[in-house]
Amino acid sequence: MYFHALIPFKPVNPKTRLSCILNQEEREAFARVMLEDVIAAVQKSGCSATLLCTHPFKHENALIAVRTEPLNDAINWALGQFHCPALIIMADLPLVTAGDIQRLIRTEKDMAIVPGRGGGTNIIFLKKPRCFHADYYGASFLDHLRVAEECGFSVEVIDSFRMSTDVDEKEDLVEILIHGKGRKSREYLENSGFSIALDEKGRVRVQRDPHKETL
Ligand SMILES: Nc1nc2c(ncn2[C@@H]2O[C@H](COP(=O)(O)OP(=O)(O)OP(=O)(O)O)[C@@H](O)[C@H]2O)c(=O)[nH]1
Ligand SMILES: C[C@H](OP(=O)(O)O)C(=O)O
C-alpha cells in the first residue's frame with residue numbers, strides 16, 4: 001500500500017540538546033543526515049515524503065511545506081489537508097527501516113503508534129487523519145492515546161527498538177554507532193571523530209577525537 005509520510009523538520013538550529021558535543025553547523029548537518037536516513041526508509045517502504053519545515057529547505061525526493069507555526073499547529077494544519085491515511089514520522093529516527101514502516105501501515109487498527117523513550121511519540125499512522133489532532137511534547141504518547149480514545153479509534157502500540165530510538169541526547173548517539181550500519185548518520189558521526197568507549201563502570205558511552213572537536 002502507498003501512503004503519504006509527513007516528516008516535521010527543523011533545519012535551522014536543531015537538536016539543541018546535542019549542543020554539548022556538536023556546534024550549530026554540525027547539528028544542522030547531523031539533523032540533515034538523520035533526515036536522509038528517514039526519507040530513504042520511507043521511500044523504500046513505498047510511501048512518499050512531505051517535509052513540514054520551519055524554514056525554506058530543498059530535497060530532491062520530498063515535497064516541502066514551510067510552516068512557521070509551532071510543531072503541533074503545523075502538524076494539525078497538515079492533517080486537515082489529508083483525505084487518505086497518513087504517517088507522521090519524526091526526522092530523528094535514523095535507525096528506522098522500510099520493513100518497520102510497513103509494519104505500521106499494515107495495521108488492522110485505526111491507528112498505530114510508536115512511543116519514543118521518555119514519554120514521547122516517534123511515529124503515528126492514522127487511517128482517518130482529519131479526525132485526529134497532534135499533541136507533541138511532554139508525555140505525548142499518553143496524550144496521543146487519549147486523543148485516539150476521544151476519536152473512537154482502535155489502536156495498535158508498536159514495540160520496536162529501532163523505531164523507538166529517537167536521537168535527542170548525547171547518550172543516544174551510542175545507538176547509532178552500534179546499530180546504524182549503512183546509515184548516513186553513523187557515517188557522519190564516525191567522520192566527525194565519534195566512537196564508543198567504556199566508562200569506569202563498564203557502561204558504553206560516546207567519545208570524540210579531540211582533533212575533530214570544534215566547540
Ligand atoms: N515543523 C516543525 N518541526 C519541528 C519543530 N520543532 C521540532 N521539529 C521537528 O520535530 C521532530 C522532533 O523534535 P525534537 O526532537 O524536539 O527536535 P529538535 O527541536 O530539533 O531538538 P531539541 O532542540 O533538542 O529539542 C524533529 O523531526 C524536528 O526536526 C517545529 O517547530 N516545527
Ligand atoms: C516532539 C517530542 O519529541 P521528544 O522531545 O520527546 O524527542 C515528542 O515526542 O512529543
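Tutor: A nonpolar core is a set of buried Ala, Val, Leu, Ile, Met, Phe, Trp, Tyr and Cys residues joined through C-beta atoms within 7 Å. A residue is buried if 20 or more other C-beta atoms lie within 10 Å of its own, exposed if 12 or fewer, and partly exposed in between, with C-beta atoms placed from the backbone. This is a predicted model, in which local features need pLDDT of at least 70 and side-chain atom pairs count only at pLDDT 80 or more, while totals for chains, interfaces and linings use all residues. Residues are numbered from 1 along each chain as its sequence is written, and chains are lettered from A and ligands numbered from 1 in the order in which they are written.

Student: Which residues touch the most other members of the largest nonpolar core?

Tutor: In soluble globular proteins, nonpolar side chains tend to be buried together. Here the largest nonpolar core holds 52 residues. Those that touch the most other members are Ile7, Val38, Leu87 and Ile89.

Student: Which helix gives the most to this core?

Tutor: Helices (H or I, at least four residues) and strands (E, at least two) are DSSP runs, numbered from the N terminus. With eight residues, the greatest contributor to the core is α1.

Student: With which residues is Ile89 in contact, leaving aside its neighbours within four places in sequence?

Tutor: Two residues are in contact if their C-beta atoms, placed from the backbone, lie within 7 Å. With those neighbours left aside, the partners of Ile89 are Ala5, Ile7, Val38, Val42 and Ile123.

Student: Why are the buried residues of α3 on the same side of the helix?

Tutor: In helix α3 (residues 98-105), the buried residues are Asp100, Ile101 and Leu104. The arc is that of the directions from the helix axis to the C-beta atoms. They lie on the same side of α3 because they cover an arc of only 95 degrees around the axis.

Student: How many Å separate the centres of domain 1 and domain 2?

Tutor: Domain bounds come from an automatic or database domain assignment. The protein is divided into domain 1 (4-164) and domain 2 (170-212). Taken over C-alpha atoms, the separation of their centres is 24 Å.

Student: Which residues are the closest to ligand 1?

Tutor: A residue is near a molecule if its C-beta atom, placed from the backbone, lies within 6 Å of it. Ligand 1 is surrounded by 17 residues, and β1 (4-9) and α2 (71-79) each supply at least two residues of this shell. The closest are Pro8, Pro14, Thr16, Arg17 and Ala91.
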